[in-house]
Each structure stands twice: as structure tokens, then as C-alpha cells.
Amino acid sequence: MAKKYDVIIVGAGPAGFMAARTAGENGLDVALLDKKKDVTSFNRSGAQTLVSMTEPYMGNLVVLNPRDNRISLSPNGLSLKYDGPYRNLYAWAFHAPSGHPVRLGVADEGRETGEIARVGVVIDKEVLLQNMLEEVKAVSVDVFPGISVDRVTPTAEGVIVEGSGQSFEGTYCIAADGVNSGIAEMLGFNEDRYYWCNLNVTSHYMSGVDADPNTVITSSGYLDDGKVLFFMAPRPYEGEFNVQVLSIDPRVNLKKAMDHFLTTGFTGEWFKNAKKLRSMSAICSCYDPIEESFKDNVLVIADAASTQEIENIGALMCGWRAGSAVSAAVRERNLKLRKMTGISTYTNWWKEAFCDSYDHEAYMKNWILTFVLTKAERMSFAFGLLDAPLRANFNPYTAGKIMGAKMATLQPVIAQERPDIWLELVRLRWPLKEVYSEVTRISKPISDGPIAPKARGYPGTSREAWVKSLGRFLKEKK
Ligand SMILES: Cc1cc2nc3c(=O)[nH]c(=O)nc-3n(C[C@H](O)[C@H](O)[C@H](O)COP(=O)(O)OP(=O)(O)OC[C@H]3O[C@@H](n4cnc5c(N)ncnc54)[C@H](O)[C@@H]3O)c2cc1C
């Protein structure tokens, strides 16, 4: 008879690995399934950073402790092995199309101050995944590579998970299958979720790039077929960078856009002697988070339930919490306790620490600035007003707020000198779904499963939201 598991975890990313390790440590019988044949390979675009090292992320401070080869999160107390290379990040620079940088932090000052000043670090995610594989094996987790899950069936007693011709029976299932979660789609978790767009990405690891080795760089391009973002982070290996081009506009040819940044304008200067080492890509469906993340013995966690991406740190935290919650739930069942609270320790934490603590619309603003400031020259003028460096930060929820707050103080100057730009910037106060509306209409969510996601049409903006935004607009005009 096939083994019955306490928990079947689908997806061996940071969230699934951490959930498996935690459940294994608690003595559960755990199966960890991933469609990749080599679960430690990293084959999708990603900057491989640990973000937000100068402020808490989902309630925790992140520490990389190279002395003992550990990453730890306090005060929660989660820690894991990381014995790979790393590089400190001291600044995040947002370059206007003209090249003018708005700096969050100054790399020279950070280098002088040392590690306490780092805003993040870049790691090698393949080493992280190798370390996590060792850790789950040490707690007797059964790892099944090459299983592409295409069916999850809740039963009276638990759940059956099937894929690649194999079937697994468990009491619980944790869906850690990432941003385009097929399980979330199959089981209807996406039904009430607002769908914004897809984020399409192409990337190269490159050597010979002439740029600061401790700064993350973002810029934007206004190309013939649409608007694109450029994002470049150093790699932990000497002289290497991870160069990414991203767009939410499905009409954009990303390969051409990459060529643009590698050869023309101020970014082209950095790549004169550069060599491509490895190329990857990604597509991410961007939704609002899943608020009710558990039903029918299936718990959906991390990227599978978040707004586009929860970051590696967030995924580790979700995995750790989910592994603990399911461990408690299994124990409660075995003890036949009347009051079952295990799962709710996760679902309540998820709502509080992620859904309610972050402004998910503000996060989505990270991708839309080129649609607000519609011409490269306008973006360059606005950024050109920001000369002095701003507070060092590398948190996708905070950085935009820091820049937005500074920009707000410049509004009188912009209104006076460039009313055309002021009128466009005001759109940031509009209901964001309206600003996104064109992109949302022409985009379709994707899924890593057998079911094609329903195209969730753009519902239009409510009258109430419009009245509010008009009120704000008139107040500002005065
Ligand atoms: C372009 C880009 C850049 C990024 N840069 C950063 C960064 O610099 N820093 C940062 O912290 N985060 C970054 N992220 C986000 C980060 O990668 C994710 O937040 C994190 O990996 C989420 O972890 P996860 O375990 O939830 O999902 P994932 O890491 O996506 O893991 C999901 C796993 O599920 C498996 N899977 C999927 N479907 C199935 C199926 N049907 N059957 C079996 N297995 C399946 C996949 O193979 C995968 O191994 C970036 C993401 C992108 C797209």
C-alpha cells in the first residue's frame, strides 16, 4: 500500500523547502514534490537578493551571518544554512531615461560604514536551494523531483495529489507552487482575486559590466512598442551582474528591449566589454493577495498567494509558519482535540503580516510609473529635481514611498514650471486600477497547471473611487 503522508508539499522553492523542513523537524511524514528534475537548479529570472535589511520585513529583521553560514530572521527565530558567496548592497539607484540617478543610499558611504549599512545582499540561490535540500533530507523528508502536479482532489480524510503518472495521499497539502500557482487556480482560490497584468521578464548573467558592484540599478525605457523597466543587480561572483528587462505590456518585444539597454543610451556605456554568461526568463501573473488561504485541507502559501512576489525572505517566513501550523494541526487531529487552532495560526498571521500590513496597490505602482509619466523627457525632468541622495533602502514596499514623499514636496515647483508633468503625476492619485486599465484589458493570467485561468476582465472603477480621486485632485489644484 502506498505511504500516506501527513503533508504533501508542492513546490521546492524557498517556501516549500522551509515548510518541508519545519514539518519534518516536528516528526511529520512529509512528501516534497517539484516539477523540476533537479530541485536545486534555478532556471527562472530572479535577482537573488535578500531584501530589506535595514527595516523589518513582515515583522522580522533579516541577518546574514557569514561567520556561522546562516541566514536568520528575528524576533521570530527562524534560521537556515547558507554557505554560499554573497555581496553586500548599499544603495538602490533609480536612473531617469536621461541617466540622472535618484539614489536611495550612497554606495561609497555604505562601504565605509560596513555591513550594518547594507540594505540587502545578493546570494547564489542555487546554493541556497542546495543547502535547503540537505536540511530537508536531514529530517527525513521524501523529495520527489520531476513530478508536475496536475490534479489535487480534496477527500473526506485529506487530499490526493497527482502528477506525472504518480499519486500521493496526504492529510494536508501545502501549495507552494509559486506565482502562477496551478493549485490555486484548480481549487478556485483565484476566483475573487483582482488580476492586474503579467510581469514579463528576460535576463542575462553578464561579466565585464562597468558598474558599481554594491548598487542595485533601476531605469526605464520608452521604446517604439511600449514601456519597459531595466533592473540590474550585482552577482555574488567578482565582476558579474544580473541584468533584467521587465514589462507589464504584452506588446513589448523584450529581446529588442534588452538589446536597447545593452547598446544605447547611458546604460549602453556599461556593457561595452560585457559578455553574456547565461540567459533566463519569467512570466508572473500579478493578482491581489489571496486572503482566505486555506480550504479543503489545502493551504496556499508564499508567492502562490501573494501580490506578484513575496520575496525570498517572505517565502521563507511563509514556509516556516505553514510548516509549524500544519504540524500543530496534525497533532491536534491525532490527539482528537476538540479545539483545532493549528491552521488558523497561519491564516491569521498571513492576513495580519502580509494582507493587512502592506499596501498592495502601492506595490503595483512599482511597475506603472512609465504609464503615468508618458514621455521619457517628462520622467527625466521630474527625476532631475531629485538631486540629493535619499534614505538608503531596498524594500519594494518602502522605496516607492520614500521617492513619492520627496516628489510630493516638489509639487509646487512642478506645477509652476511644468504643468504638463504635474497633470500626469496627479494620475498617481487616481484609482490605480484605472491607470492600469489598458494593460489589464490586453493581458491574460497564466497558470503552472492544467487549467487555463479564466480571463478576469477589467471591471471598471467604482463611482465612489472616482469621486474620491476627483476630490483629491480639486484640493491639490487649489
Ligand atoms: C524577475 C524576478 C526577480 C526577482 N528578484 C527577487 C529578488 O531579488 N529578491 C527576492 O527576495 N525575490 C525576488 N523575486 C521573487 C522570488 O523569486 C519569489 O518571491 C520567491 O522565489 C517565492 O518563493 P516560493 O517558494 O513561493 O515560489 P518559487 O520560488 O517560485 O517556487 C515554486 C516552485 O514550485 C514548482 N512548481 C510550480 N508548479 C508546479 C507544479 N504544477 N508541480 C510541481 N512543482 C511545481 C516550481 O518548479 C518551483 O520550484 C524575483 C522574482 C522574479 C520573477
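This is a predicted model: local features need pLDDT of at least 70, side-chain atom pairs count only at pLDDT 80 or more; totals for chains, interfaces and linings use all residues.
H3 itself runs over residues 125-138. From its first C-alpha to its last, this helix of 14 residues reaches 20 Å, close to the 20 Å expected at 1.5 Å a residue. Its buried residues are Lys125, Leu128, Leu129, Met132, Leu133 and Val136. Why do they lie on the same side of H3? They cover an arc of only 140 degrees around the axis, and therefore share one side of the helix. An α-helix has 3.6 residues a turn, so residues three or four places apart point the same way. Exposed residues Glu134 and Ala138 are carried on the face of H3 turned away from its buried side. After H3 comes Ser140, with a positive phi near 65 degrees.

Another part of the model is an open sheet. Seven strands form it, in the order E9-E8-E16-E17-E18-E15-E19, with mixed pairing. Strand E9 (101-104) and strand E19 (275-287) are the edge strands, each pairing on one side only. On average, neighbouring strands of the sheet are turned by 20 degrees against each other, direction ignored.

Strand E15 (residues 195-207) pairs with E19 in the antiparallel sense over 12 bridges. Ser203 stands opposite Met280 in E19. Helix H5 (residues 254-263) packs on the sheet, where it touches E15, E16, E17 and E18. The direction of H5 makes about 130 degrees with that of E18.

Key. Residues are numbered from 1 along each chain as its sequence is written. Two strands pair if DSSP finds at least two bridges between them. Helices (H or I, at least four residues) and strands (E, at least two) are DSSP runs, numbered from the N terminus. Axes are lines fitted to C-alpha atoms, for helices over the stretch in contact, and angles run from 0 to 180 degrees between N-to-C directions. Two residues are in contact if their C-beta atoms, placed from the backbone, lie within 7 Å. The expected span of a helix is 1.5 Å times one less than its number of residues. A residue is buried if 20 or more other C-beta atoms lie within 10 Å of its own, exposed if 12 or fewer, and partly exposed in between; C-beta atoms are placed from the backbone. The arc is that of the directions from the helix axis to the C-beta atoms.
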